Amino acid sequence: MTGKGGIGVTVVSHDSESRTKVAGFEDPGSYSRSVTYDETSLIQLASLTASSSHCEQFIKYECYGSFLRFSGTMYGWWVSRDDENMTYWGGVNSVPFKCACGLNNTCADSSHDCNCDKNDRKWREDSGLLTDKCKLPVIQMRFGDTGDVDTEKGFHTLGKLECYGLIY
């Protein structure tokens, strides 16, 4: 029960922790995976995040010929506990249409804000921690641009919700 420098950590599991294939869904967000948390409700999770000083959840999308965003259209996003479509990716704190590589200028193509947006038929990945505890946990993941199953595919992974530190 300790981690994060000896501070107690509450870890909440869910039914979407396994690496899951996305293929055969062309329209933006047409693939949908709802997340069910083990033995708890969204009200309880909102209370946990409100009473914790920090919360985080790892999210990853591995892509092969599949965009997260193309020409201003979002093909992939996650949904917050308040049912809001979130257009930023792990490693970014609330900056719309960005992935971590877009903030630190390390994307596979410097003209894009996510590695997956290069769309060059090579396996790429965008991943990182989501840390805006007012939006956590993730309740759904949405993807598209995987309609051609021979040349477009992806995998998503969502980590457990982890909260630590108390607000006094």
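1. Asp83 is found in the loop that runs between β8 (77–79) and β9 (85–86). In this predicted model, the residue has a positive phi of about 65° although it is not a glycine. Most residues other than glycine have a negative phi. Asp83 has a relative accessibility of 58%; it counts as exposed because the cut-off for that class is over 50%.

2. Arg121 lies in the loop between α2 (100–103) and β10. Its relative accessible area is 38%, and Arg121 is therefore classed as partly exposed.

3. The peptide bond from Leu136 to Pro137 is cis, with omega near 5°. Most peptide bonds are trans. Pro137 belongs to the loop between β10 (124–130) and β11 (140–143).

4. Turning to the strands, an open sheet is formed by 4 strands in the order β4-β11-β8-β9, with antiparallel pairing. β4 (31–34) and β9 stand at the edges with a single partner strand each, so one side of each is left without a neighbour in the sheet.

5. Within this sheet, β4 and β11 pair in the antiparallel sense over 4 bridges. Tyr31 stands opposite Phe143 in β11. In general, strands of a sheet pair through backbone hydrogen bonds, either parallel or antiparallel.

Technical notes
Residues numbered from 1 in each chain as written. Predicted model: local features only at pLDDT ≥ 70, side-chain atom pairs only at ≥ 80, totals over all residues. Heavy atoms only, no water. Helix = DSSP H or I, 4+ residues; strand = E, 2+ residues; numbered from the N terminus. Buried < 20%, exposed > 50% of the residue type's maximum accessible area, 1.4 Å probe, protein only. Pairing = 2+ DSSP bridges.
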